Amino acid sequence: MAPLLAVCAGYFMVILDVTIINVAVPAVGRELGASLTGIQWITDGYTLVLAGFLMTGGALGDRLGNRRVFCAGVALFTVASAACAGAPSAPALVAARLVEGLGAALIVPGSLALLQEAYPESAARSRAFGLWGSMAGIAASAGPLLGGLLVSTAGWRWVFLVNVPVGAACLALTARYVAPSPRNPDRAVDWPAQAAVVASVTLLTAALNEAGRRGWSDPAVLAGLGLAALAVAGFALRERLARAPALPPQLLRSPAMGGAAVVGLLFNLGFYGMVFTASLYFQHERGYSALRTGLALFPAVAVTMFASVLSGRLTRRTGDRPLVVAGMLLGALGLAGWAAAGNDPAYALLVAPMTAAGFGTSFALTGSTTTVMGAAPRAYAGAASALFNTTRQIGSATGVALGGSLLATSADYGSGVRLAMAVGALAYLLAAGLAWRCVPARAVRAAAP
């Protein structure tokens, strides 16, 4: 249990910082005199660096040892959080947020790889992956609630200071209870390929974020998408020519790994798109405060821990495929129910859709995570984790961008939210179909390279 607590504490901090800042930026802007552009960078700079450097963090973990890189990431993240809390100006806060994102990019790939090393037995590993996955839903949905509490009581700087004791505890637990990871000095880091990944993911995430504000036809958005496509093409070309590719071609062609990674993209699109649009709807349409909005979103997170534990136990009997498919169908049913509820439904009618989306996403995450990590040779565990989390991050950014665009272009908030929920339901349905074809009925284990 101690290795699980250590790893999940680090992962929780990373995901919490994606959403907790949203309710704090008005207070930050007032105190530090930040412009609108500065506030956008405070919010988005962290996400951009996290998404762009995940593959680099995974490659370094495979080469230098996942525990070493994970601890370096936690230490960097903790120090950067303290710097954020003490930032005297908006530019200083932006710089500290960028460093925070780099620390997070070192934490996330190593977290899954460390769990795979600590729990070699299949059933125990599935339960560990389930609890790890529940941290994402809990942290993402608890962010607005915790942020609202801290901003309204202790001030916005505590949004970052809360990471310091958690980071210190994570380092202490990891050093004491997590075994050192093997190093693979022959596992070269392909820096040109890593640079292409950083460029493609950063450009794509930036373009998707801007699409929610500028619209999909804006020249800057189209240019960002085009440059991201060129960077992807450059990565593919480099991988064909490299002696030691960032990911072996046969791994990328694996239906289990590739399919499960796309499933992760789709269910993150549905879930985080729902959380984002619902948050705006509750605050702007219904006039909820930040704290009340966090409470209104709580049903989406309250079931995630139960769903993850349940799926981790059931996978021993059913295998991964039925659980992933069932979770995606439940999420689709929930968001379709919201879309059909009308423009201004009573809050009580929205509890079941939010609960279904949270439960279904968390229920499916265990199986898809097990599928990705099971398809990867041990020497590439960090890279496989990075690939899976990169696609999920892209899904989150896409869901937020689509939600923002639909809210901005619809006649009213109610219509925009219903359309966004319908898009999320479609993403869940596509994920269910893909999982049926690509996720193995029983867990598979890749041969050693």
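**Notebook: salt bridges, domains, confidence**

I counted salt bridges and found four in the structure; the rule asks for a side-chain nitrogen of Lys or Arg within 4 Å of a carboxyl oxygen of Asp or Glu. I looked up Glu-31 and Arg-157, whose side chains form a salt bridge at 3.1 Å, N to O. Glu-31 is in helix α2 (residues 25-32) and Arg-157 in the loop between α6 (122-153) and α7 (158-161), so the pair ties together parts 126 residues apart in sequence. Helices here are DSSP runs (H or I, at least four residues), numbered from the N terminus.

I note that this is a predicted model, where local features need pLDDT of at least 70, side-chain atom pairs count only at pLDDT 80 or more, and totals for chains, interfaces and linings use all residues. Residues are numbered from 1 along each chain as its sequence is written, and side-chain values use heavy atoms, with hydrogens and water left out.

I then checked the domains, whose bounds come from an automatic or database assignment: domain 1 (1-179), domain 2 (191-245) and domain 3 (248-448). Nine residues from domain 2 and 11 residues from domain 3 make the contact between these two (heavy atoms within 4.5 Å). I read about 870 Å² of buried area between domain 2 and domain 3, 73% of it from carbon and sulfur atoms; this is the accessible area (1.4 Å probe) that two parts lose on being put together, summed over both.

I looked up confidence last: mean pLDDT (the predictor's confidence in each residue, from 0 to 100) is 81 for the protein chain, with 92% of residues at 70 or more. Over residues 444-449 pLDDT is below 50.

How values were computed. Helices (H or I, at least four residues) and strands (E, at least two) are DSSP runs, numbered from the N terminus.
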